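Q: Please show how features of a protein model are read, one at a time.

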Amino acid sequence: MSVGLLLMTNAAGSAACYLILWSIALRLRDVTFVDAYWPLGMMLLAWNSFFETGPATSHKLALGLVCAAWGIRLGSYLHWRWRRRGPDRRYQALLDKAERKGGLDFPIASLVMVFALQAVMQFVVSLPVQLGMLAGPGRELGPEAHAGIALALVGIVFETVGDWQLAHFRADPRNRGQVLETGLWRYSRHPNYFGDACVWWGLYLIAAETPLGLWSLPGPILLTLMLIGGRGAPAIEGELRRTRPGYEAYARRTSGFIPLPPKRLAAS
């Protein structure tokens with residue numbers, strides 16, 4: 001299969017899936033569950049590309065298995081979080097603002113600002129597991145791919161531990177209104193985001209050993225920009241600064257993304 005046909009097939013399938021999810025959101029009046037499809041949809045793109053591009057190779061297997069491990073874990077966690085916590089206030093605020101200031105009702109706003117936008121971003125971010133599947137026969141994994149696998153596995157572990165620590169912290173009523181400052185969260189304000197970035201830079205390194213893999217660089221770049229901007233870290237931190245009295249001091253001494261030893265603040 002040619003690269004153009006593969007990408008067009010994947011784009012059409014992804015668009016169809018997001019339209020189905022949008023129709024479900026119209027009945028629920030809630031779009032939060034789309035976050036759970038974000039990693040699962042990338043896994044589907046990876047494995048559709050796997051089967052559409054000829055015989056299995058070591059690079060294709062590495063890309064598919066790593067993406068599946070990441071996607072199933074994160075998708076399951078985000079679905080569990082949605083069922084436990086209900087609608088995401090950030091989505092609600094976004095859609096309410098679109099209705100108040102832009103005159104867009106829920107169906108149009110949710111389609112344009114959530115589902116269509118996420119479909120495009122998902123397609124771009126997942127380029128390593130699409131283009132990397134055009135690996136060509138006979139080549140074994142090289143040093144870049146081995147480094148990518150290691151980086152991705154570190155990212156999965158980092159993200160899993162960070163999510164577990166946060167869920168455990170929130171489950172304790174005594175921590176209501178408090179700031180999580182232990183475990184991985186002592187070294188990064190967003191260890192789960194850092195892990196996510198590691199996974200996709202790792203997948204890019206695997207893909208980079210394939211003929212077209214280098215062209216997938218926009219994928220991890222876009223993901224990293226999304227995590228450190230937009231609805232990523234800034235949106236979360238804005239709410240935490242308003243609702244957690246100790247968050248400002250925590251933010252001053254703790255790295256925003258890459259895990260680093262906490263700073264020592266001078267006594268006031």
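Q: Is D88 buried or exposed, and what is its relative accessible area?

A: Buried means under 20% relative accessible area, exposed over 50%, and partly exposed in between (1.4 Å probe, protein chains only). D88 has a relative accessible area of 12% and therefore counts as buried. The model is predicted: local features need pLDDT of at least 70, side-chain atom pairs count only at pLDDT 80 or more, and totals for chains, interfaces and linings use all residues. Residues are numbered from 1 along each chain as its sequence is written, and side-chain values use heavy atoms, with hydrogens and water left out.

Q: Which side chain meets that of D88 in a salt bridge?

A: A salt bridge is a side-chain nitrogen of Lys or Arg within 4 Å of a carboxyl oxygen of Asp or Glu. The partner of D88 is R90, at 2.9 Å from N to O. R90 is partly exposed, because its relative accessible area is 21%. The structure holds eight salt bridges.

Q: Which residues are joined with R189 and E237 into one network?

A: The side chains of R189 and E237 form a salt bridge at 2.6 Å, N to O. R189 lies in the loop between α7 and α8, and E237 in helix α10 (residues 233–243), 48 residues away. Both R189 and E237 are buried. Through salt bridges that share partners, R241 and E248 join R189 and E237 in one network.

Q: Which residues make the nonpolar surface patch?

A: Patches are made of residues with over 30% relative accessible area and no salt bridge; like charges are joined within 9 Å, and nonpolar side chains (Val, Leu, Ile, Met, Phe, Trp, Tyr) within 5 Å. Here W201, L217, I221, L225 and I228 make a patch of about 410 Å². Helix α9 (residues 218–228) gives the largest share, three residues. L217 is placed in the loop between α8 (191–207) and α9; its 31% relative accessibility is why L217 counts as partly exposed.

Technical notes
Accessible areas come from the Shrake-Rupley method with a 1.4 Å probe; for residues, only the protein chains shown count as cover. Helices (H or I, at least four residues) and strands (E, at least two) are DSSP runs, numbered from the N terminus.
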